[in-house]
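Please keep the view open while reading.

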Amino acid sequence: MERTNSGAVCLLPGATRPGDPLALFRGGRVPCVIRERGRSWQLIGESYVHSIMTGQAWSSSRCEDFRIV
């Protein structure tokens, strides 16, 4: 069990490294850990983050397009 920078309790994939960001994907059911790979991103895996599992952190104004490899 880990904590986010804001202090939320979370369960993360074993391959997660310090500094890997969490992402919420439009239409997704869970937050995901991603890792920057040059100009693209790698999907590390799904996570559980207490307090954002039912859409509390979703904001369409913060959405942006990016490439996952």
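1. Ground rules. This is a predicted model, in which local features need pLDDT of at least 70, side-chain atom pairs count only at pLDDT 80 or more, and totals for chains, interfaces and linings use all residues. Residues are numbered from 1 along each chain as its sequence is written, and side-chain values use heavy atoms, with hydrogens and water left out.

2. The three-stranded sheet. Strands here are DSSP runs of E with at least two residues, numbered from the N terminus. Two strands pair if DSSP finds at least two bridges between them. Three strands make an open sheet, ordered β1-β2-β6, with antiparallel pairing. Its edges are β1 and β6 (48–49), each pairing on one side only. Strand β2 (residues 9–11) is joined to β6 by two bridges. Look for Cys10, which sits opposite Val49 in β6.

3. Strands β3, β4 and β5. Two bridges link β3 (residues 22–23) to β4, and the two run antiparallel. Ala23 has Cys32 in β4 as its bridge partner. On to β5 (residues 40–46): six bridges pair this strand with β4, again in the antiparallel sense. Val33 stands opposite Gly45 in β5. β4 and β5 form a hairpin with two residues between them. In that turn, Gly38 has a positive phi of about 65°.

4. The salt bridge. How many salt bridges does a search of the whole structure find? The search finds one. The term means a side-chain nitrogen of Lys or Arg within 4 Å of a carboxyl oxygen of Asp or Glu. Arg35 pairs with Asp20, and their closest N and O atoms are 2.7 Å apart. Arg35 lies in β4 and Asp20 in the loop between β2 and β3, so the pair ties together parts 15 residues apart in sequence. Side chains of opposite charge can pair when their charged atoms come close.

5. Around Arg35. Is Arg35 buried or exposed? Arg35 counts as buried because its relative accessibility is 8%. The cut-offs are under 20% relative accessible area for buried and over 50% for exposed, with partly exposed in between (1.4 Å probe, protein chains only). Asp20 is buried too. The Arg35 side chain also reaches the backbone oxygen of Ala15 at 2.7 Å. Leaving aside neighbours within four places in sequence, the contacts of Arg35 (heavy atoms within 4.5 Å) include Thr16, Trp41 and Ile44.

6. Thr4. This residue is in the loop between β1 and β2. Its side chain makes a polar contact with the side chain of Ser6 at 3.0 Å. A polar contact is a pair of N or O atoms within 3.5 Å; within protein, one must be able to donate a hydrogen and the other to accept it, and residues adjacent in sequence count only if both atoms are side-chain atoms. Not counting residues up to four places away in sequence, Thr4 touches Cys10, Leu22 and Val49.

7. The start of the chain. Met1 is found in the segment before β1 (2–3). Met1 is exposed, with a relative accessible area of 75%.

8. Ser51 has a positive phi of about 90° although it is not a glycine. Most residues other than glycine have a negative phi. Ser51 is in the segment after β6. With a relative accessible area of 41%, Ser51 is partly exposed.

Technical notes
Helices (H or I, at least four residues) and strands (E, at least two) are DSSP runs, numbered from the N terminus.
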